[in-house]
Amino acid sequence: MTEAGLLKPIRDVGIVGYGAYIPRYRLPASEVARIWKDPAGVGPPGEKAVAGLDEDVITMSIEAARNAMSRATIDASSIRAVWVGSESHPYAVKPTSTVVAEAIGAVPNTQAADWEFACKAGTEAMQAAIGFVGSGMADYALSIGMDTAQGRPGDALEYTAGAGGAAFLLGPVEESLASIEVSYSFTTDTPDFFRRANEKYPVHGERFTGEPAYFKHISMAAEKIMSSTNSSPEDFSYAIFHQPNVKFPQRVAKSLGFTADQIKDGMLVSRIGNTYAGSAMVGLTAVLDVADPGERILLVSYGSGAGSDAFILTTTDQLPQRRNLALDTESYIKRRTEIDYATYARYRGKLVTK
Amino acid sequence: MEVSRHWRLNKQRYSLVGEVCPHCEHKLFPPRDICPDCGEDARDLFEFSGKGSVYSFTTVSQAPAGFEESVPYTVAIVQLDEGPLVTAQLTDLGDKPVEIGTPVEMVTRKLRSDGDQGMLIYGYKFRPAFAA
């Protein structure tokens, strides 16, 4: 029996395949500052990834899923769940996941559903996939976190609300690139950020999104999973925290006792922005791209509303070879076309043409 | 609404599923059930790799209905590595000019939407191949 609250399946589960997707367009934060007359004139450093005119959570999920399938080297017909977590599902009613399942050849013997929990919808789907595989009900379940993040023009969110995400195919630990030792979820009703039905842009509680929301949930989840497994920060080669901006993950890492070195490989926010449901997950793909076998990873997501999912993973001997079977995260980040605010406004449907 | 028409094409549009002739190995795309090479029945499904190269291309400035928002865009005839020629939009071109012979790879993208209330239509486009 595991300690109260810890999540541990009957059958050991691991990540059998993973894949990232980041679109090619980049909007520098300085462009947002230029248009909205940021008093300092510069805004935060960095840039964010912007989806092209023909991209959305469906198309981006398909590419990430294909990358995950390339690394998994299994037949898509043995997948029993395709679950996509996002705040930007293209349809209000009609699953993103059925299109993804059809495109990768997982239909018809599969579950498919869309998940919603702000920025942790994707890791929520991972938790469910651990249960699905770990109970023996399925051999493989695909969990995806992907977003074309919304931010009201001129709002602080607009500097970082980016596009991208990742797909993780969970399966038996024997076939895995990284084993999942244990996981944990910490949830409360905390209304720090939300978007009402039929609204285009979310609203947030300014400073309220920090202390009682992001920091509390991530810290509680990280501390609980570490104390319950008798681990401390030095037992991990890498740590990844949800990245709404550069400062939050740096600060929470420091307060938990992690060094800058432990979080640097999974920190992508200054280069691709906050990819909402994709944020922590694409941080994990970047770490899996460079990790050596036998290294331990702490992953903690955060979703407004609010909650955190924490996972402890250990990379396996199969990682170095199989990760070369698909494009790595860095290849997508390096494929870069800078755009100005006007092009961004056009690509994101912020121009009224009729 | 032409839901059924789009739905019938899901497999070929999302993942370039065509056919292979069991008699002469000729690959068909789009699927047409009769081999254009030897004239025999050809109904075995075949998923193309999605790799190919630009055979010819042009830029569209006056778009047909449903595509106005993406002008200007590039349409190409792509020669798939397995043989067939496919007409499709090119996407994610970046700063590099397209040339005949440019290696491309298939991606599934949004082709258009059937108005504000109709369905979203997804299918194949091609982008410059990643230098892996």
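Buried area is the accessible area (1.4 Å probe) that two parts lose on being put together, summed over both. The views below show a predicted model.

**View 1. Chain A is assigned two domains.** Domain 1 of chain A covers 13-177 + 321-347. Domain 2 of chain A covers 182-320. Taken over C-alpha atoms, the centres of domain 1 of chain A and domain 2 of chain A are 16 Å apart. Domain 1 of chain A brings 57 residues to the contact, and domain 2 of chain A brings 49 residues.

**View 2. Area is buried between domain 1 of chain A and domain 2 of chain A.** The buried area is about 4,200 Å². Carbon and sulfur atoms give 58% of this area.

**View 3. A:Arg71 and A:Asp289 form a salt bridge.** Their side chains meet at 3.9 Å, N to O. How many salt bridges does the rule find across the interface of domain 1 of chain A and domain 2 of chain A? The rule finds 3 salt bridges there.

**View 4. Polar contacts cross the interface of domain 1 of chain A and domain 2 of chain A.** The rule finds 33 residue pairs in polar contact, with both residues at pLDDT 80 or more. On the side of domain 1 of chain A that touches domain 2 of chain A, several elements give two or more residues. Among them are the strands β1 (13-21), β3 (47-50), β6 (140-148) and β7 (163-172) of chain A. The helices α10 (319-322) and α11 (329-334) of chain A are also among them. The largest share of this side, 7 residues, comes from α4(A). By class, this side of domain 1 of chain A has 22 nonpolar, 19 polar and 16 charged residues.

Methods:
Residues are numbered from 1 along each chain as its sequence is written. Chains are lettered from A and ligands numbered from 1 in the order in which they are written. This is a predicted model: local features need pLDDT of at least 70, side-chain atom pairs count only at pLDDT 80 or more; totals for chains, interfaces and linings use all residues. Side-chain values use heavy atoms; hydrogens and water are left out. Domain bounds come from an automatic or database domain assignment. Contact means heavy atoms within 4.5 Å. A salt bridge is a side-chain nitrogen of Lys or Arg within 4 Å of a carboxyl oxygen of Asp or Glu. A polar contact is a pair of N or O atoms within 3.5 Å; within protein, one must be able to donate a hydrogen and the other to accept it, and residues adjacent in sequence count only if both atoms are side-chain atoms. Helices (H or I, at least four residues) and strands (E, at least two) are DSSP runs, numbered from the N terminus. Ala, Val, Leu, Ile, Met, Phe, Trp, Tyr, Cys and Pro count as nonpolar, Asp, Glu, Lys and Arg as charged, and the others, Gly among them, as polar.
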